[in-house]
Amino acid sequence: MNRGNSCTRLGLIALACLLAGCAAGDARGPYMPGDTTARDPDRARALTQQAASVAAKDPEAAEALLREALTADLYHGPAHNNLGALFLERGDLYDAATEFEWARKLMPGHPDPRKNLGLTLERAGRVDDAILAYESALEAYPGHIGSIQGLTRAQLRFDRADDRTGEFLREIALRGESDAWRDWAKQQLALGRDNI
């Protein structure tokens, strides 16, 4: 075979692969807007706030509002995070993790999507990944009490305590998000769990 035919065949193969990739790339995901230049972040923000105000009493309405927010702006991280929280609440761990991954990428300095991903992974039994997610949240926002609580609970619950666990327990006992968290940390300290 001569060199010209070889180059022509490679060119045709590359063109076929390119065309196949373009055809596959045309498939739309659940939130893919038809035109990415038509983003409306203000509408997405307003719909996300509206969803947050009704989520506790009407999760279905909140989900519809969040999906509408993501149609307005696919790249609105808080809508992905809040939708993930709804999925987590109803036990839909796969969809929750997917939404938290979206939110994590869109909100690089915010700990909540990482902490929420940690909660999801912990529920799914993926303890080491959950601990990494909590640690990632603390890297994004050192001292974030919700992430400290999640990490410490996972460490103790799954026998993964390290040299930070006692410090974390003292921090939770002092400034935990609720009386229940503060009482839990004090109980763990009383049991000597800080010397593990």
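1. D179 and R182 sit 3 residues apart in helix α10, so about one helical turn separates them. Helices here are DSSP runs of H or I with at least four residues, strands are runs of E with at least two, and both are numbered from the N terminus. The two residues form a salt bridge, with the closest N and O atoms 2.4 Å apart. A salt bridge means a side-chain nitrogen of Lys or Arg within 4 Å of a carboxyl oxygen of Asp or Glu. D179 is exposed, at 53% relative accessible area. R182 is partly exposed, at 23%. The cut-offs are under 20% relative accessible area for buried, over 50% for exposed, and partly exposed in between (1.4 Å probe, protein chains only).

2. A note on the model. It is predicted: local features need pLDDT of at least 70, side-chain atom pairs count only at pLDDT 80 or more, and totals for chains, interfaces and linings use all residues. Residues are numbered from 1 along each chain as its sequence is written, and side-chain values use heavy atoms, with hydrogens and water left out.

3. The overall fold. The protein chain has 10 helices and 0 strands. Of its 196 residues, 36% are buried. Take the contacts (heavy atoms within 4.5 Å) with a separation of 6 or more: residues 24 or more positions apart account for 47% of them. The chain exposes about 11,300 Å², and carbon and sulfur atoms supply 53% of that. These areas come from the Shrake-Rupley method with a 1.4 Å probe; for residues, only the protein chains shown count as cover.

4. Salt bridges across the sequence. The whole structure holds 15 salt bridges. One of them joins E63 and R90, with the closest N and O atoms 2.7 Å apart. E63 lies in helix α3 (residues 59-72) and R90 in the loop between α4 (77-89) and α5 (93-106), so the pair ties together parts 27 residues apart in sequence. E63 counts as buried, at 15% relative accessibility. The pair also belongs to a network: salt bridges link E63, R67, R90 and D92.

5. E122 deserves a look. This residue is in helix α6 (residues 112-123). E122 is buried, with a relative accessible area of 5%. Its salt-bridge partner is R153, the closest N and O atoms being 3.0 Å apart. That pair links distant parts of the chain: E122 in helix α6 and R153 in helix α8, 31 residues apart. R153 is partly exposed, at 22% relative accessibility.

6. What else does E122 touch? Its side chain makes a polar contact of 2.6 Å with the side chain of Y134. A polar contact is a pair of N or O atoms within 3.5 Å; within protein, one must be able to donate a hydrogen and the other to accept it, and residues adjacent in sequence count only if both atoms are side-chain atoms. Leaving aside neighbours within four places in sequence, E122 is in contact with A130, Y134, G150, R153, A154, R157 and F158.
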